[in-house]
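Me: I would like to go through this model by question and reply, with the cut-offs stated as we go.

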Amino acid sequence: MTGSFRVQLINMGTRAAAFQAKLRSLHDFHLRLLHNVVPTPSGIDIANTIKYFSQTLLTVLKDVPCSPLEMIKDPNLDQARMSSYPNLEYQNLYNALGMLLDVAPNIQNGLIVFGKVVLQCLACILPFLDRDLIDNLPYLTASSISVLPPSLHQDIINYLCYYILPFTITRQSNDDQECHACQSVSAVIMLVFQYSNNPAHHCQLLECLMTLKHNVAKDLLCVIAYGTSLSRSSAAKLLFYYWPAFNANLFDRKGLLCKFTNDLIQFVCQKDSCPNAGNAEAVKVCYNHRISIMYASDSPPPLYLCIECANEIHKEHQDVTFGDMLHPMQQVSMICENKNCRSTNKAAVSICFSECSSFNGNHPIRYCTQCHGNRHNSRRGGDHIVHRSLPPTWQMDSEMQTYMVEAVISLLREAKPPNLDFAKESSNESKSNMGNVPQDNISLDERQMLGRYGIWLLVGRCTPTQDTPVEILGRMLGMLFYWFHITAYSFDGQVESTLEKLKIEHVCGWLRDICNSHYKEFISCLLPHPPEHSRVGGHWDTLDSRTSHLKEGLQRLICLVPYEVITQEIWDIVMPHWMEAITNDVPEKELNELKIVLSKILDPEMSPLGFDAKAMYHFVSIRFQKTTATVQQQALNWLQILTKLEILIPLQQLFIMFGDGVRIMKQGLQIDLTKDNKIEGKIYLKEPQRRSSISPVVEDESGNTSGNLSDDEAPTSRNTQFTTDAEHNLTCCILMLDILLKQMELQDIEQHMGINTTVCENVCRLLKCMVTAAKVGMGSHTCSLKVSECGYCEASVMWHQLSTKLVQFMAPQNPVRPPDLPLEDTFDDEKSVRKSPPESEKDSKNREMSSLLSAPLPIPLGPLGGFAGKIIEN
């Protein structure tokens, strides 16, 4: 063993022992800070220890013959790279630095010094890490922005952009897939966008990533989809700022975007003895680790130099090569930047960050379609890092497609109602957060304007095709309807006009196209109980009652009305479902909560619909035309709900509806009578078309009524014991009279006006038809049960009582010629036959009649409780 080799072994052992001892000191610092042991170490004490590791690592790296910065890009050379270093506890040092960053908020003084030294050490240790730690290093470095003071944010961005990201996210993968460091890029972007409020930092980081990595738009969409509000806001703005416009007619890019890089601090020359230290911008880079450590003893490799220092070093080391640094974008052009462009359409469609930048003074260059094809084809430029405008969503890979859809939904979800107190909410969040988390101080106007980016992505890139999954389309439509609802509130200033212009010029046309191409899916999203995938935003994100869900859902429907999205056809399909849901789901005590919103929709004087009263109630009137009694009874229940809420329905409409309904009942009765009088199998009257294609509305057949509901009670069933058409007809007639009486009272129809008025003529005509249609008093009914339990008899009594009330409402109080009294004369033989029953039998019959009138009725009168309810009480 030679003497020099023995000295090397002794030095290596001494270095390893010192390295281990210093590591124990770092662990001791961590424990004392973690448990607040007095005296707590200062940031300067910890920084002095970490400086030892930085110097040791640079010293070891300087003696390595191969080029670690070149080897680190290929994972297959990791073993050869690691074998060229002495055996020191590099992994333990990395873990110790991460642990110290976790307790950095507990450092009371010297935090800035501590932060600078930790960042330097993280950059120095990069060549000594194995595969897993290299993949984790970008995220660890970016996470330091959450605990270090704002004065160090620029240093964090510089270390990421110049010393860490160029050697981590560019690493190759064995299966030609992105390395794990690339998959953490979205997390790095979100951390920087969240904790740094300087747009120049955001631009610097994003331009660095666009230089090193393809498809950065995918990472931005991920941040928009799943990031915080602050990071989402910056990511959306920069996506439209840097990427070429996918639709020049969709928005005015000149008036929308400003220059973000005004405050960008240039990266200066790192040479120790630079004559213009602190002022000379770095334009060259040297990847030779020995040269780097020689001329910048405290900085990790590579070495960034100004042009003067690069020329000076090149004179002394002519074999050393220097690369050109890519400078930041001076401006974001919307047209082709090729000086020799001959295309007639010069709109920029791509931006190149590779060798093509040499034609633009080492700045990224934008190309039109023709120039892009000339510079990037199968013969050349195939390996360039080029970013093109966003393709249509359905042409993206499945992961990016998911990010795009969720990004649209997240941006539209940012819209908030104007009565939300953001200051109070931010104050409460700041009190609950213990870390260095910035407050979400986005103003209400800015939140509303964030929805614009979501609309542009939706209208410009998310137009569905025939192969678009129904779940994705329904989810986007549900959130778009929520955005319409929230932005319908009045805002002052430019925000209101901007959003309204956006709706009218782009969104409404897009919705009409969707309605034409995906009619079924469009209708399903307007129902009170839409499919599960469409239940997004607003009340679907909260645990609320059935009544609240229906109320908010109706508000959404109202907000679509002024934009002519709801046509007459859609109205006739959607409204029966809403009325049936209200009838089934809303308890009577909560019904008044829907009075205002239903009045806005259905009141002829308040409704924003462009329909007249006849068209507005067409969805009800068609249910009285050649339909079964079950369909009519369902429609009458809806009218009872509206009458209970004191919503005025034109009497002429009611008479037409009820007349059609009773007329079809009458025709059905004539069929029955004809069948009873058949002679030798021949029917004298031809059976009319009683049934139409309309059937009773069954709302939410699955039984899953409203998703997140706080009510424990199930909807009340309205099934009755009636089975025959005659019994259902009688029920419908009772409901008709009850609704008529209440509506006449609500509309202040003058009473006792006699029989010569239009209302009286209509009532008399209706009552005359009802007598025949409902078989009232025709003597064909025979009670099969006890009198007190016969529902048909009870219903007949109620019909007569309601008819009497209706006649009394119209009949004059003091007629000039009162009607004749009923004749008391009877034939003598009849007098002799008729005998007075015993008193006991009379009392029994009186009791039976009293129990008949006071018994609960089996017919579904609904929650109205109008004249029918008063009759029962009397």
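Me: What percentage of the 874 residues in the chain is buried?
Reply: The model is predicted, with local features needing pLDDT of at least 70 and side-chain atom pairs pLDDT 80 or more, while totals for chains, interfaces and linings use all residues. Residues are numbered from 1 along each chain as its sequence is written, and side-chain values use heavy atoms, leaving out hydrogens and water. Taking buried as under 20% relative accessible area (1.4 Å probe, protein chains only), the share of the 874 residues is 51%.

Me: What share of the contacts with a separation of 6 or more comes from residues 24 or more positions apart?
Reply: A contact here means heavy atoms within 4.5 Å. Among those with a separation of 6 or more, the part from residues 24 or more positions apart is 76%.

Me: Which element gives the most residues to the lining of the largest pocket?
Reply: A pocket is an open set of points on a 1 Å grid over the protein atoms alone, where a 1.4 Å probe fits, with protein on both sides within 12 Å along at least five of seven lines, and lining residues have an atom within 4 Å of a point. The lining holds 49 residues, with Cys208, Thr211, Leu212, Leu326 and Phe353 nearest the centre, and the elements giving two or more are α8 (153–168) and α11 (199–212). Helices are DSSP runs of H or I with at least four residues, numbered from the N terminus. With six residues, the largest contribution is that of α11.

Conventions:
Buried means under 20% relative accessible area, exposed over 50%, partly exposed in between (1.4 Å probe, protein chains only).
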